[in-house]
Amino acid sequence: MSFVSHRILIVDDERSASDYLRVLLEERDFEVRTTANGIEALIALENQSYDLVISDIRMPQMDGLELLEHLKDRWPEVPAIMLTANESVEDVVGAIQLGAINYLVKPASPASLSSAVDKALVSRPFRGEVSGAVPELIGASKAILEVRHKVVMAARSDVHILVTGDTGTGKELVSRAIHSHSSLSTGPFIAHNCALAPTELFESEFFGHRKGSFTGADRDHEGLLRQADGGVLFLDELETMTMPHQAKLLRVIDDGEVRPVGAEKSQVVSVRFVAATNRDPRPMMADGSLRDDLYYRLRGIEINLPTLRERREDIPLLAVHFLGDDALEFSTEAMEALTRAPWPGNVRQLRNIVQGAKAASGGARITLTHLSLETMDLDGEGAGAPLETAAAAVPLSRGLSLREVERRAIVQALEDCSGNRTRAAKLLDIDRSTLRRKIQEYGLEG
Ligand SMILES: Nc1ncnc2c1ncn2[C@@H]1O[C@H](COP(=O)(O)OP(=O)(O)OP(=O)(O)O)[C@@H](O)[C@H]1O
Ligand SMILES: [Mg+2]
């Protein structure tokens, strides 16, 4: 990295601490400047551009968090790494919320400093290009930086996108982020779960219909493609779409031509497709359940999301994030257990367990006893359950919010009834209109 000399600003009131960092960084040929507090740092930033700020949090005159606020306000593209003397969750939460890219506990080892600096500098070209550089995607691991980079590229381009990854890794989050950071952000984002749509209604769901065009068509229906015109159509669980429907989808991706059922004329729509699947597309093409041409058409950019166990260094950041802004913290044992768990349900499972622990602790410090981790094999290789059985491996009541239990029950019932809502409603012992409302509420359809 020394061929371009990056300039790093260090902010710490303790001279010995900033000298320690300076020596380590100068050894790596970085250009380093040290300052003693936030005010001095702001003056330095006014006078010269920096590629990275590394700042202590607790300092006299202007502390690190206030500095960070000014930094993100005036120089949002400059990444910041914060230093904490003791791992205070409060400080870390504050720093991450204000946009710090990472934090280090003092004294940082040369290796952890080096790696944090590299990550921050790698992130830099992407940060600031899109407002805030995808702040909704929490994480500082190399794998997540790569994802952020791809999200930025995807948002700037106009190709169709395929998002792959295990359950709960953030496919929907990423898809929404692509939309919200793209030039189509003022246009619609229509989400459609291919697994839940009754197959016999495919034409009408996608293309819409005219009133009276078939029994039960008691009014005009716009259809997903026209709803998504000028925006994004998110096709979730693409792997469940039948071959004939894949062929129809491919055609409309190519020509944008939409003719509602019962209509005389067709119209042309402009839709950006973002598809998600938790299966690897290659074996699907091999076994004939995914059309090759559809795959190649959709994967203008393919974004593969890492599992949580492939980026364990992000677990503390995510855990603190899911705790919300309360002045709550984790005991060391609790944080260690979170970091070690296999997480077959990935980020969603971590979120549920952290939120469950928060409720269980009643606002006190979160300890090991508050975490419902028993269902995961902590000493195992961390391989976790295979994807498809991940949900089944975690008993419904463990670490899941009531909403999530309800959502799963609905998804399951619809699956069991092949999408037939009348039968699914019977199975769930609720009436059809309640089911329809809940399907909408949980975004289980477009
Ligand atoms: N990097 C991340 N930062 C913050 N939150 C995340 C991140 N990744 C995932 N989440 C959160 O985890 C939960 C699950 O994410 P999401 O619904 O996008 O997963 P998914 O891949 O679509 O899962 P599934 O395959 O089960 O549909 C959501 O609450 C989401 O906001
Ligand atoms: Mg999803």
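Let's start at the ligand: the shell around ligand 1 is made up of 4 nonpolar, 7 polar and 4 charged residues. Keep in mind as you explore that this is a predicted model. From the ligand we will move to the nonpolar core, and then to one residue in a strand.

**Around ligand 1**
- Ligand 1 is surrounded by 15 residues, and the closest of them are Ile138, Gly170, Lys171, Glu172 and Val347.
- Two helices to look for are helix 7 (171-180) and helix 15 (346-361), each of which supplies at least two residues of this shell.
- Domain 2 (143-304) and domain 3 (309-441) each contribute at least three residues to the shell around ligand 1.

**The largest nonpolar core**
- In soluble globular proteins, nonpolar side chains tend to be buried together.
- Here, the largest nonpolar core has 108 residues, and Val53, Val151 and Leu233 touch the most other members.
- Helix 6 (residues 142-156) gives the most to this core, providing 7 residues.

**A closer look at Ala80**
- You can find Ala80 in strand 4 (residues 80-84).
- Is Ala80 buried or exposed? Ala80 counts as buried because 25 other C-beta atoms lie within 10 Å, and the cut-off for a buried residue is 20 or more.
- Setting aside residues up to four places away in sequence, Ala80 touches Val53, Ser55, Leu68, Leu71, Ala100 and Ile101.
- Ala80 and Ile10 are 70 residues apart in sequence, while their C-alpha atoms are 9.9 Å apart in space.

Conventions. Residues numbered from 1 in each chain as written. Chains lettered and ligands numbered in written order. Predicted model: local features only at pLDDT ≥ 70, side-chain atom pairs only at ≥ 80, totals over all residues. Near = placed C-beta within 6 Å. Helix = DSSP H or I, 4+ residues; strand = E, 2+ residues; numbered from the N terminus. Nonpolar A, V, L, I, M, F, W, Y, C, P; charged D, E, K, R; others polar. Domains from an automatic or database assignment. Core = buried A, V, L, I, M, F, W, Y, C linked by C-beta atoms within 7 Å. Buried ≥ 20, exposed ≤ 12 C-beta atoms within 10 Å, placed from the backbone. Contact = placed C-beta atoms within 7 Å.
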